Amino acid sequence: MREKFLPYCRQEVQPEDIAAVTRVLESDWLTTGPTVEAFEQAFAREVGARFAVAFSSGTAALHGAMFAAGVGPGDEVIVPTLTFCASANSAAYLGARPVLAEVDPERLNLDPDRLPLSEATRAVTAVHYAGHPAPLERLRALCDERKLVLVQDACHALGATYRGQPLQSYGDLVCYSFHPAKHITTGEGGMVATDSEEHQRRLKTFRNHGITSEARHRAEKGQFYYEMQVLGYNYRLSDISCALGLSQLGRHHQGLARRRELARAYREALPALVQTPPDDPESGWHLYPVRLDHRDRVAARLREERIGTQVHYIPVHLHPYYQETYGYRAGDFPVAEAAYARLLSLPMFGSMTLEDLEDVVSALRRALA
Ligand SMILES: *Cc1c(COP(=O)(O)O)cnc(C)c1O
């Protein structure tokens, strides 16, 4: 048995990250200084976007994207039910109705043939579950045809591509999270990438109380006057956080390569009783969710062997808030519920070793025996 607990995910912080953060702590700007812009520009280049706007979390980024998309009361936003609740909450924050959707049984993403579209649909939020891109070509065509905004919740999918193209090329607003469980971290943090100058402007205003100029730029010009033009929030990400993000971004490709190597190794080594996730070389592999019987018992046995796991996700429509507020009930989305009953995310992170993986596989064999 392992001596040390293996978590299902773990951040990787190197001495160079700590040095980068220390340099900012010793500088003139702890927040909304030059490092925010440097991180935004490097991130935009990385994902192939014209612009990127940093937010204080992935959830704030999704909220900002909904605002930029013009979502408001009376609108409906389609969201798959098998996701983290923040994907759907972002529409609710603006008074819109999150309309939950069934997922396809294999990839567990939105099924373009089964979208609950209506006259009120304003946007579609495509979650790239575990890092596997949603069917972006069809979703893009559908959104174009009906003049809907396509928001991508790419919190699992930094570095993923779809049919050889970056996620960004399918538009419109692509949201990322830098929570420590994700590919790169800023502690808490997020980003919205977009090719639209208008979206960029709305995102920057929204994250700064609805104020149309930034304190640093005013200070440089010796101006006091500012205008609050819309109801925004303080969703800014600090220079301290952005220094960590910028440093982490430099090693992102190594982490992604390791995740892809681990996914291949899991697929070869896992016993037949375990249903492996889709074999997609373009996936970002944030998670490695397998499906198996007696999930809770297996998870408890793995924990006894010091192997951490997690369940992604409790479908959104099963949460009491969604049942009380929107009238959803158990049984509404049988595919997502059947998947949820059997899903278990095995350890997967950018600094996990193949020896760690062998420990997981042998513990899993014992747990299933
Ligand atoms: C992590 C995550 C979020 C929220 O990100 P935070 O940075 O934790 O706010 C939203 N959607 C999905 C799919 C996520 O995995």
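## A first walk through the structure

Leu 108 sits in the loop that links strand E3 (97-101) to strand E4 (121-127). Please keep in mind that this is a predicted model. Although Leu 108 is not a glycine, its phi is positive, about 65°. With a relative accessibility of 3%, Leu 108 falls under the 20% limit and therefore counts as buried.

Is His 294 buried or exposed? Its relative accessibility is 54%, so His 294 counts as exposed.

One more loop deserves a visit. Tyr 313 is found between helix H10 (295-304) and helix H11 (320-326), and a cis peptide bond with omega of about 5° joins His 312 to Tyr 313.

Now to helix H3. How many of the eleven residues of helix H3 (residues 58-68) are buried? Ten of them are, so the helix is largely enclosed by the rest of the structure. The buried residues are Gly 58, Ala 60, Ala 61, Leu 62, His 63, Gly 64, Ala 65, Met 66, Phe 67 and Ala 68. After H3 comes Gly 70, which has a positive phi near 80°.

Leaving aside residues up to four places away in sequence, Met 66 touches Val 71, Val 77, Ser 90, Ala 91, Leu 94, Thr 125 and Val 151. The C-alpha atoms of Met 66 and Leu 139 are 17 Å apart, and 73 residues separate the two along the chain.

Packed helices are described by the angle between their axes and the distance between the axes.

| Helix pair | Axes come within | Crossing angle |
|---|---|---|
| H3 and H6 (residues 197-206) | 9 Å | roughly 125° |
| H9 (residues 252-269) and H13 (residues 354-368) | 11 Å | roughly 30° |

The angle in the table makes H3 oblique to H6, and H3 passes H6 in a right-handed crossing. On the H3 side the meeting residues are His 63, Gly 64, Ala 65, Phe 67 and Ala 68, and on the H6 side they are His 199, Arg 202, Leu 203 and Phe 206. By class, this contact of H3 with H6 has five nonpolar, three polar and one charged residue.

H9 and H13, by their angle, are roughly parallel to each other, and H9 passes H13 in a right-handed crossing. The contact involves Glu 261, Leu 262, Ala 265, Tyr 266 and Ala 269 from H9, together with Leu 354, Leu 357, Val 360, Val 361 and Arg 365 from H13. Eight nonpolar and two charged residues form this contact of H9 with H13, with no polar residues.

Conventions:
Residues numbered from 1 in each chain as written. Predicted model: local features only at pLDDT ≥ 70, side-chain atom pairs only at ≥ 80, totals over all residues. Heavy atoms only, no water. Buried < 20%, exposed > 50% of the residue type's maximum accessible area, 1.4 Å probe, protein only. Helix = DSSP H or I, 4+ residues; strand = E, 2+ residues; numbered from the N terminus. Axes fitted to C-alpha atoms, helices over the stretch in contact; angles between N-to-C directions. Parallel < 35°, antiparallel > 145°, perpendicular 65-115°, else oblique. Left-handed = near helix turned anticlockwise from the far one by under 90°. Contact = heavy atoms within 4.5 Å. Nonpolar A, V, L, I, M, F, W, Y, C, P; charged D, E, K, R; others polar.
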